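Please look over the structure shown below before reading on.

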Amino acid sequence: MDSSILHMMQVSQEKLFHTDCRAVYVVSMVVTGATMVEPGHSTNMDGAGMGRGASPTTLLAELDRFLGLAVSAISEKRSHSSRRDGSGDGEDQPTVETALFLLRNLPPARPAALAFLAHTLSRQVSSHMRGYSGGDGCRKSDGPDEGVSGQVEALLGEVLESAPSVWGPLVGQWAVDQLGRWSVEWASTVVGRGDATLEEVVAGWLSCSPARALASLTVVCVAHDPDTAVAALLDASAASGPALDWLVAHVGCSFPATVIGRVLGLGLRGFAACHGRPPEHQLASVNKILSHLADRHLPDIRRSLHAILVRTFEGASDAEAQASVPFLLCLAVTSRSRAVLAALTSGLDTLLSPSDRLAALANQVSWWVPRYFGSHGQLQEMVVHLVLDTGGSSAPSILRLLMQGAAPTPKLPVAVAVAVNNILQGVVGEICMVTYMRRNSSASRILIPFLVGLRGGGLDGSDVGVAVGGRAVSPIAGLVEETLATPSNQAVISHLKQLVTLVVVQQGPATAATTLGHLLHCSTHEATAGHHQILTSVITALTVHQAGRCSGESPLAGALAGALQPQAGSSIILTALKSLDTLLSQSQQECLHIYSNLTNALLTNVPLLAELINDPVLGTASVTILSQLPLKKPIPVGHVLCLSHAVIFYFFSSLHETNTISKVSGVGKCQLVLSHLSHSSLGLNLIIRLLVEGVFRPECAYLFGAEKYATFNFKDVSGEMLIKANRQFNSWVKVPQSHTSIFHMGIIGSGRNPQGNQTAMLSPDTIKLHTQLLLNTLSVCCAAQTNGEGASTVALLLVELISPDIMFNGFPWPEEYIKFTFERDLAIKKTFEEFPVAWALLELVATHRAALSYCSVLVRALAASLTAFWNTCPLTSAQQVPDALQATQRLLEVMVTAQFLPGPLRVLPQMVEAMAPFELVCILQDVWVYMRDHTPSPDRWCELPSGFHQRLPDPPMATGYTERIQRIIQSNVATIGHLMSFMINSK
Amino acid sequence: MSVDLSELKRSDFPSCVRQGLHKLEEVLLMPSTPHLHDTQQHIMDQYVFCCRDPNSPKIRAMGPVEELVVVRELGRYLGRAGDAASRNSLFITLFHPSGHDPRTQHKLRTLATLISLAVATHNVSVLEATAVWMQQMCCLSWWSGEVCRGLVQDYFQLTPAAPPHFAAALRALPSKAPLFTANLITTLSQLYAKVGSGEPCEHPPESLVSTIVWWLRGAPGLPPHLALTPLTNSLPGVSLPMTAVPPIAPLMKLCVEAPFFEHQENNLTEMGIAGVGGRRLSTTKLTLEIDGGHEKIETSSTDLYSELHLSILQTLQNVPSVRAHMTQKQVLCPKHVTSVVDAVSERLQGSRPEQEEAGNLALDRLAQIILVALHTESLSGSLSDMWDSLHRLPRKNRLISTLLSSREAR
């Protein structure tokens, strides 16, 4: 070697010396440091003759002393194992001190010292337990116990603190082993009875000072070195069975997160190392510990479990990460604790919902299958059973996850969708099987946690009402809603359909109501056929189920009732109504079997529907549904009543519409419903009464041309229709002229009446249309009954409404000179003037001929008042008073139509136009005389087979009635001469 | 020729160990006969390592207390003054390990306890016998490692709370049993250095390294060349001595790879899986701080390994002075050096840019040691593999290029 290198080396060595001198000093302190602090504890040993810094001689002497005592003590115990006498405690004391000294000062003697301490403590435990089981109440003084175990705990605690890495594993293992042994040995005596709770057991053990000391040492070990200590705990727990649970609980309560994390970590490591076939006890003990802690530390458990899952998504690709999902599955399968399962499954959907996570999982499957599961089929079967066991709020989230997997997305391989479909199929199949097996059991519900969870029930099958915004929500129906909102394939929908059906059928009527209600409330696009499929199948299942159960109440009806509760809110009910409507019309078109069930159920709920009719938002939809129902057949009186009221309100409110098409269609639907209702005579009467009464009510009268009331409804300045305010009354049964028929008239004192003419009167066309619609409706209703009862009712009603008097309302026409009804006649005439619709109604009645007899009083009053009018009329031509002329003409036409005026008198209406007032007086007087002589009474008419009435043939008319009329014709021959032939011919 | 065991059969538990040992020593002195080996085994199994239950013929499992009694008896018997050769052969017979023998585990455990007890109680005789056993098993072997591993736990966790006589016992080792100390250094450093296994070094506890440094540095009254002791000692009572291995190779690996330790641990800490490493680091700091006492000297492990490096260089420089007494020619096995060089080049390949300084320090140390070893002719045998490995190292380093050019110059 050349000199330059040597020189360089010397330089570097000098440098080393220079820089390292301090380090050398420190290092030498470590080994040579004779002045290190003497720990205070060894003063305890000074009493036994120990000096500071034990010399080899001292150590050997102490060792020999210890060995002598310990061997004899232990062999004594072996030979007299039955001797359970605490008298030896005092003798143990020096040996214990020696053992503690050796433990600290002589490393090779540590195992022996610990064994001896264990032996001593065991004896104390046994004496403690014996005192307990003796039942003498006063336990032996804990003096010596406290002494030794306190010493042990103090010393070991101190050394643990000073060098946890050295002592932790040693002490932890030792303490756990001893506790495990004692727990097994004294399992039955620690609390004194067999059925003690875990808390009592913990308390029992902690009252025993050696056990307490070792337990606290274990806790210290866990605090310092969780991995090793928890592993020891796990092994011991597996070995001792349930007896050691108290320790796990005790330690776990101190460090829940640590213990859970370590326990899971160890389990996972073991699982990964053994390729999915870990020793049974390991998984079992992991499970046991978890289910212990599950009561109070569920969030910790969930966090740990999810952390394991999340790790696999964060790019960890080692064997442990890849084994984590199989591990969790195995854990879930072997776990008997619902809480653990719940911890594992809750929030899983949000955890996995980013679809790249699902894809990542899918990629791992190929790694799992030959390794941890026998085959794909086996894995799927396992998952199916797990799914069935998943309850509570996790059930819907799991199902959501499955559906997410089943929907084909570009990110996921096709195989995933296939597998998920298999799983869903398996789930459905399994539920069906269970249901079938238990079909004869007495329990009304079958407790499959998954189904319970889907219905929104709790983990224990209880009914935890899931309510959002005050209304009950069915989780599975919510899922359906979500699924339908997104494009999804047929397979998913069919699985969903089956599941919904099972939930609805198996989980009791309340669930059925909630779920069906929620399903009906789902707002879907028009095009989704899935919704109707699901609804159809649910309803089918419900009805079939009902048939099997023979229960009185139809669950379907109950469910519908729930869905249509008015508290739910208009928009929701509107959706439900639309769904029902589509369902009805489709099932009717396709002749589905559910049609009859559905209509029956709807019929049950007629009052509810009636209540909805006059909600401005829902009216049309509910009337549409009602119009599809077969209301012809007998339905309860109450239903008829409320429905009639409601529909007639709807009828009038339709007329308020400005849009002609909606007006006509609304009225058309009303006619449909009303005509059905009219098949009962009660219904007919009520309907007619309501209609006719309504016509004369101020708020509706203007629709039919009553000018006086044209501005009536503008009094209400709030802009709301009164009908809305009155909606709340409309399902009452109203008795005419009682307080129930009083309507809310708006607020008095809302200011002056607005100045008139602010709004134009309705156009004559509109009024005609309204009148025509009304007449149509009435005649449709009347046509429902073949005996002409309707027209008579209208007639009687007209009398009731228009004639304010109850006297002289009979058929006979009195002498002309009886004028005591004069005032009344004028009132009647005025009514006809104010309400033009009265004429229309009268004409309607007249078409039924015989029915007009009941209106005899009205006709008479009109005739009388018109006669009086013309009598005093100073004009030369009747045409100068067109209103009165028109009234006269209409009156005569009505009388002709009803065959009040037979034979030659039929031409009277054609004559009147050209008359002078005095001629009109003559004519009217003749008519009066004829009527007086021929009292109109219903028996003068007979019914023809066609349903019309025909006046019975009279003897030929006496000339006295027509003489004046012929004269008048003659005097006006220029205009009405052609009518003379009727007069002649009739002779 | 038969052996009379009747007296032995009558003896009780603690004394039967003593008597069994006595009988075993007698048997060992007898001329070899076919059944003699079986008899030895019988005595060891029945009377030395297992305690018989006087009441039942069944052999009872030993509890920790009984094991300690056996160890105590062994220590007492072996510790009495006597012929070193017969003691050594008795010792080797007692603790002869075998891969198939199920009792080996138990024997090794007993031996570890025995050594630990001997260290604590300054039982020189046992320590000497152990040194011979270790050298016979080869200090780098798994058996030696297993036996010595316990000592690390027992004595090298030097916290202030540890009883002072632990340190005292360690301090006394080189003067009382230099051969044992040297072999112990070899074995302990091999536990962490793993020479020849192709694996990188583990980070040894600081207290272990500092103790080794303290031992190697020598002190007044201590043998000057502790590390070279195995080369100069003969082994009485051993018919076919194995090649002695001084601790230079494993220590060299430790100190060359030391610059990378810190980075490695930092990495582990960053990755959040520091686990044991992180805790060890913190313990070390605590230890050093408190040891520094009032001065509060912050030392880093770099200084410690510089010191270790210096010790190795000094040891190598002392080789010529002891060469006359050496029982074998080889001081440093070239194969071991090659494995160290390979380990360094692997470390360098995997290193990150910010570790350049560490890499340079490692190369400096490696080159210095090899230069000195070459200079003192400690390396003998075929060196071509070693040179090939050295050529793979980066020549940027000045000392390495000097080393390589020195070969060309030769």
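Predicted model: local features only at pLDDT ≥ 70, side-chain atom pairs only at ≥ 80, totals over all residues.

Residues are numbered from 1 along each chain as its sequence is written, chains are lettered from A and ligands numbered from 1 in the order in which they are written, and side-chain values use heavy atoms, with hydrogens and water left out.

**Nonpolar core**

- The largest nonpolar core holds 413 residues, where such a core is a set of buried Ala, Val, Leu, Ile, Met, Phe, Trp, Tyr and Cys residues joined through side-chain atoms within 4.5 Å.
- Helix H32 (residues 637–656) of chain A gives this core its largest share, 11 residues; helices here are DSSP runs (H or I, at least four residues), numbered from the N terminus.
- Among the residues with the most contacts inside the core are A:Leu798 and B:Phe180.
- A:Leu798 touches residues that include A:Val692, A:Phe696, A:Leu841 and A:Leu858, not counting residues up to four places away in sequence, and contact means heavy atoms within 4.5 Å.

**Buried positions in chain A**

- A:Leu244 lies in the loop between helix H10 (226–240) and helix H11 (245–254) of chain A, and it is buried, with a relative accessible area of 0% (buried means under 20%, exposed over 50%, and partly exposed in between, with a 1.4 Å probe and protein chains only).
- A:Leu244 and A:Val184 are 60 residues apart in sequence, yet their C-alpha atoms are 7.4 Å apart in space.
- A:Gln178, in helix H7 (residues 164–185) of chain A, counts as buried at 8% relative accessibility, and beyond its neighbours within four places in sequence it is in contact with A:Ala118 and A:Leu214.

**A covered helix in chain B**

- Helix H7 (residues 124–137) of chain B has 14 residues, and 12 of these 14 are buried, including B:Trp133 and B:Met137.
- Just after H7(B), B:Cys138 takes a positive phi of about 75 degrees.

**Nonpolar surface patch**

- A:Ile806, A:Met807, A:Phe808 and A:Phe820 make a nonpolar surface patch of about 490 Å².
- A:Phe808 is found in the loop between helix H38 (789–802) and helix H39 (822–834) of chain A, and A:Phe808 is partly exposed, with a relative accessible area of 42%.
- Patches are made of residues with over 30% relative accessible area and no salt bridge, with like charges joined within 9 Å and nonpolar side chains (Val, Leu, Ile, Met, Phe, Trp, Tyr) within 5 Å; a salt bridge is a side-chain nitrogen of Lys or Arg within 4 Å of a carboxyl oxygen of Asp or Glu.

Notes
Areas by Shrake-Rupley, 256 points an atom, 1.4 Å probe, with all protein chains shown as cover. Helix = DSSP H or I, 4+ residues; strand = E, 2+ residues; numbered from the N terminus. Expected span 1.5 Å × (residues − 1).
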